[in-house]
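Please read the points below alongside the coordinates.

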Amino acid sequence: MKTVEIRINTINGIRNFVELASRYPFEVDLSSNRYTVNGKSIMGVASLDKSKPITVVLHSEDEALCAQFIAELKPFME
């Protein structure tokens, strides 16, 4: 399991994140404050408080695949 913090500030950002997460075979959770949602659910991601950093939790033991996913998250880390 890997974790990283991101920011999603726009509707397009939400759509892009969900499309990215959906391309991977493992579960992706997003947490903000005390809420955790499925990162592959556009409604779930849209419901989070986007004024604060969001924690991404990758549920995979495949280090290479996690590293690839995290590399693709760079636009959300700026």
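**Notes on a predicted model**

1. What covers the buried residues of helix α1 includes β1 (2-6), β2, α2 (42-46), β4 and α3. The model is a predicted one, and the points that follow should be read with that in mind.

2. The residues of α1 that count as buried are G13, I14, F17, V18, L20 and A21. They lie on the same side of α1, because the arc they cover around the axis is only 160°. As for the length of the helix, the 12 residues of α1 (residues 11-22) should span 16 Å at 1.5 Å a residue, and the end C-alpha atoms, 17 Å apart, agree with this.

3. Within α1, R15 and E19 form a salt bridge whose closest N and O atoms are 3.5 Å apart; the two residues are 4 apart in the helix, about one turn. Both are partly exposed, R15 with a relative accessible area of 36% and E19 with 43%.

4. The count of salt bridges comes to 3. One of them joins the side chains of E63 and K2, at 3.1 Å from N to O; since E63 belongs to helix α3 and K2 to strand β1, the pair ties together parts that are 61 residues apart in sequence. E63 is partly exposed at 49% relative accessible area, and K2 is partly exposed at 31%.

5. R23 and E72 also form a salt bridge, with the closest N and O atoms 2.5 Å apart. R23 lies in the loop between α1 and β2 and E72 in helix α3, so this pair ties together parts that are 49 residues apart in sequence. R23 is exposed, with a relative accessible area of 55%, whereas E72, at 29%, is partly exposed.

6. The side chain of S60 reaches the backbone nitrogen of D62 at 3.1 Å, and, leaving aside residues up to four places away in sequence, S60 touches M1, F26 and C66.

7. C66 is placed in helix α3 and is buried, with a relative accessible area of 1%. Again leaving aside residues up to four places away in sequence, C66 touches K2, L58 and S60.

8. Strands β2 (residues 27-32) and β3 (residues 35-38) pair in the antiparallel sense over 4 bridges, with L30 standing opposite V37 in β3. Their hairpin has 2 residues between the strands, and N33 takes a positive phi near 55° there.

How values were computed:
Residues numbered from 1 in each chain as written. Predicted model: local features only at pLDDT ≥ 70, side-chain atom pairs only at ≥ 80, totals over all residues. Heavy atoms only, no water. Pairing = 2+ DSSP bridges. Polar contact = N/O pair within 3.5 Å; in protein donor to acceptor, adjacent residues only side chain to side chain. Contact = heavy atoms within 4.5 Å. Buried < 20%, exposed > 50% of the residue type's maximum accessible area, 1.4 Å probe, protein only. Expected span 1.5 Å × (residues − 1). Arc of directions from axis to C-beta. Salt bridge = Lys/Arg side-chain N within 4 Å of Asp/Glu carboxyl O.
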